[in-house]
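Good morning, and thank you for making time for this presentation.

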Amino acid sequence: MPTSETESRHDAELCPDCELPMVRPSVPNLIGYPKDGPLTKSTPLQRVLALADTTNVDVFDLTDGTPADVSALATLSQDNDNLAATIGLAPDLTDDLRTDVIAFAIALIVAMPQTITSTPKGAIAISRTRLDPATDGPGHLARHMLYTCGRTTPSATFAVAAV
C-alpha cells in the first residue's frame, strides 16, 4: 500500500497520451470533500451530472425531433460577466453515451468556449459517432474527467458542428 500521495501517483495508471496519472479518488480519503460532492454519487452518469451542476451547466433532454446523428446540442452565452451553458441531450442515448457526451460538452465549454461562442447562434451540435481518441484538447480532458468519475472509455471525442 502506498505510504504517500507521491507513491500513490507513481502506482497509478498513466495516460498513454499525456503521461499524467489516471486517478480515481477515494472520497473517504479526500479531506474536506463535500458530503454531497460529485464523486459521492453512485454511477458515472450521476457523477458527471453532479459535475455539470457544480459548474453551472444546465443539462436536459431534448424533444424527440433531434436529428438521428446528433447526440447533444450545447450552447454558451454571456450575460454581463456571467456565462450560461446548456447541454441538451437526445432522449434515446444509452447511459454510457450520455455520460461521455456530457463530459465532452463540459470539457468543450471549459477548455474551448470560443468553439461555441464563435458560431452564429452560440450553439453546436455534437455527433453520436465517436472519433479516434484525442491526445489533447476537450476530448482528452473529457477522458480524464470520465476516468475520475469511474468510467473508462476508449474515446470521449466527438465531432462538432455549428447549429
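In what order do the five strands of the open sheet lie? Please keep in mind throughout that this is a predicted model. The order is 3-5-4-6-7, and the pairing within the sheet is mixed. Strand 3 and strand 7 are the edge strands, each of them pairing on one side only. On average, neighbouring strands of this sheet are turned by 25° against each other, with direction ignored.

Let me now take the pairings in turn. Strand 4, residues 70–79, runs antiparallel to strand 5, residues 82–89, and eight bridges connect the two. Within that pairing, Ala 74 has Ile 87 of strand 5 as its bridge partner. These two strands form a hairpin with two residues between them, and Asn 80, in the turn, has a positive phi of about 60°.

Strand 4 is also joined to strand 6, residues 123–130, by five bridges, again in the antiparallel sense. Here Thr 75 stands opposite Ala 123. Moving on to strand 7, we find it paired with strand 6 through four bridges, and this pairing too is antiparallel. Ala 125 faces Ala 161 of strand 7 across it.

Gln 114 belongs to helix 4, residues 113–117.

I turn now to the charged side chains. In general, side chains of opposite charge can pair when their charged atoms come close. How many salt bridges does the model contain? The count is six, and I shall discuss three of them.

Arg 98 is buried because its relative accessible area, 12%, falls under the 20% limit. Asp 61, at 47%, is partly exposed.

Next, Arg 130 forms a salt bridge with Asp 100, with 2.7 Å between the closest N and O atoms. Since Arg 130 lies in strand 6 and Asp 100 in helix 3, the pair ties together parts that are 30 residues apart in sequence. Arg 130 is partly exposed at 31% relative accessibility, whereas Asp 100 is buried, with a value of 0%.

Which arginine also meets the side chain of Asp 100 in a salt bridge at 2.7 Å, N to O? That residue is Arg 151. Arg 151 sits in the loop between helix 5 (137–148) and strand 7 (158–162), 51 residues from Asp 100 in helix 3. Arg 151 is buried, its relative accessible area being 14%. Through shared partners, salt bridges join Asp 96, Asp 100, Arg 130 and Arg 151 into one network.

With that network I conclude, and I welcome your questions.

Terms used:
Residues numbered from 1 in each chain as written. Predicted model: local features only at pLDDT ≥ 70, side-chain atom pairs only at ≥ 80, totals over all residues. Heavy atoms only, no water. Pairing = 2+ DSSP bridges. Salt bridge = Lys/Arg side-chain N within 4 Å of Asp/Glu carboxyl O. Buried < 20%, exposed > 50% of the residue type's maximum accessible area, 1.4 Å probe, protein only. Axes fitted to C-alpha atoms, helices over the stretch in contact; angles between N-to-C directions.
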